[in-house]
Amino acid sequence: MSGWQKVYDQLMIVPTILVFDSGLGGLTVYGEIAALRPQAHYFYLADDAVFPYGALPAEALVERVNGLMDHWIAVLKPDIVVIACNTASTLVLPHLRARHPHVPFVGTVPAIKPAAVQSRSHMISVLATPATVARDYTHDLIREHAAHCEVQLVGAPNLASLAERVMHGEKVNDADIFAEIALCFVERNGKRTDHIVLACTHYPLLLAHVQRLAPWPVQWVDPAPAIARRVDHVLNQTGFVQAGFAQEEAPGIGRQASGRALFTSDKVQEAVLIAALAQIGLKVGP
């Protein structure tokens, strides 16, 4: 085999990427990764049987995710796993990396650092599930990266469920959404909150709603693009360099990623959800 043939073969090797979340929120992360790596093989795994994770005790959540990952890593043999869930990432990533040392894991953490750096008013809010708000990890991020800011931690008990309902084709009331985000908006001493961290991957699914309902314009900080860049970097480091087309055209132009969406429950998925998944290249089922 010639040297050029070896290089070509390496370029054409594509990774298998497993994106995991408790529900459909991780689709926001999948979308950003797929835009960078449209040629990859994708599996999206939603643990809808026990959604939402915030209702689980920490030990039960760790046991649940460990068991799921043990099974699906053995079945799907992914080259990288993305834990597209703040709640799971802050608790389970150390366990997963110890149990599967051969598999790279990329997690999700609240994007507090970029919000604190970009804020002009030095007033930011972190919109998260109550479980993420309570985590020591979240408070450590604030102390490390946002000590110079006034930080409002807002635990939204129902916002992720509202996002799930939207994805399943149900109607949600503006009043219910606004009740979840209202405390994010703080006005004091002539200054206002100017950045709101979306510290749950479900929340960008409601971005159009929260932008419309906001009492004043703010920057909504979605971590998904940064997670996608991290995934792309890890894949490059592990030998899965971009296919040759990326040198001639912008990633994603004229191409759509494809893969499978898997669910842990035995519920029959609604036609509206199946159609929405198909639009982003995911078919339901094994």
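This note sets out numbered points on the packing and the local geometry of a predicted model.

1. Basis of the note. The structure is a predicted model, in which local features need pLDDT of at least 70 and side-chain atom pairs count only at pLDDT 80 or more, while totals for chains, interfaces and linings use all residues. Residues are numbered from 1 along each chain as its sequence is written, and side-chain values use heavy atoms, with hydrogens and water left out.

2. The nonpolar core. The largest nonpolar core has 30 residues, and those with the most contacts inside it are Ile17, Val19, Tyr30, Ile33, Tyr42, Val82 and Val231. Such a core is a set of buried Ala, Val, Leu, Ile, Met, Phe, Trp, Tyr and Cys residues joined through side-chain atoms within 4.5 Å. Buried means under 20% relative accessible area, exposed means over 50%, and partly exposed lies in between (1.4 Å probe, protein chains only). In soluble globular proteins, nonpolar side chains tend to be buried together.

3. At least two core residues come from each of strand 1 (16-21), helix 2 (27-36), strand 2 (41-46), strand 3 (80-83), helix 11 (224-237), strand 11 (258-263) and helix 12 (271-279). Helix 11 gives the most, with six residues. Helices (H or I, at least four residues) and strands (E, at least two) are DSSP runs, numbered from the N terminus.

4. Which residues are in contact with Ile33, leaving aside its neighbours within four places in sequence? They are Ile17, Val19, Tyr42, Val82, Ala228 and Val231. Contact here means heavy atoms within 4.5 Å.

5. Helix 2 against helix 11. The axes of these two helices come within 8 Å and cross at roughly 50°, which makes helix 2 oblique to helix 11. Axes are lines fitted to C-alpha atoms, for helices over the stretch in contact, and angles run from 0 to 180 degrees between N-to-C directions. Angles under 35 degrees count as roughly parallel, over 145 as roughly antiparallel, 65 to 115 as roughly perpendicular, and the rest as oblique. The crossing of helix 2 and helix 11 is right-handed; a crossing has this hand if the near helix is turned clockwise from the far one by less than a right angle, and is left-handed if anticlockwise.

6. Residues of that contact. From helix 2, Thr28, Val29, Glu32, Ile33 and Leu36 meet Ala224, Pro225, Ile227, Ala228, Arg229, Val231 and Asp232 of helix 11. By class, eight of the residues in the contact of helix 2 with helix 11 are nonpolar, one is polar and three are charged. Ala, Val, Leu, Ile, Met, Phe, Trp, Tyr, Cys and Pro count as nonpolar, Asp, Glu, Lys and Arg as charged, and the others, Gly among them, as polar.

7. Helix 3 against helix 4. Helix 3 (58-76) and helix 4 (residues 86-99) pack at an angle of about 50°, with their axes 9 Å apart. Helix 3 is therefore oblique to helix 4, and the crossing is right-handed. The residues of helix 3 in this contact include Leu61, Val65 and Met69, and those of helix 4 include Ala88, Leu91 and His95. The contact of helix 3 with helix 4 has nine nonpolar, three polar and two charged residues.

8. Helix 8 and its cover. In helix 8 (residues 159-167), the buried residues are Leu159, Ala160, Leu162, Ala163, Glu164 and Met167. Their cover includes helix 2, strand 5 (123-128), helix 9 (174-181) and helix 12. Just after helix 8, Gly169 takes a positive phi of about 85°.

9. Beyond four places in sequence, its contacts include Tyr44, Glu164, Met167 and Phe263. Ser125, in strand 5, is buried at 0%; residues that Ser125 touches, not counting those up to four places away, include Gln152, Cys184 and His195.

10. Backbone features in loops. Most residues other than glycine have a negative phi, and most peptide bonds are trans. The peptide bond from Phe51 to Pro52 is cis, with omega near 0°, and Pro52 lies in the loop between strand 2 and helix 3. Lys77, in the loop between helix 3 and strand 3, has a positive phi near 50° and counts as exposed at 59% relative accessibility. Asn189 also has a positive phi near 50°; Asn189 is exposed, with a relative accessible area of 74%.
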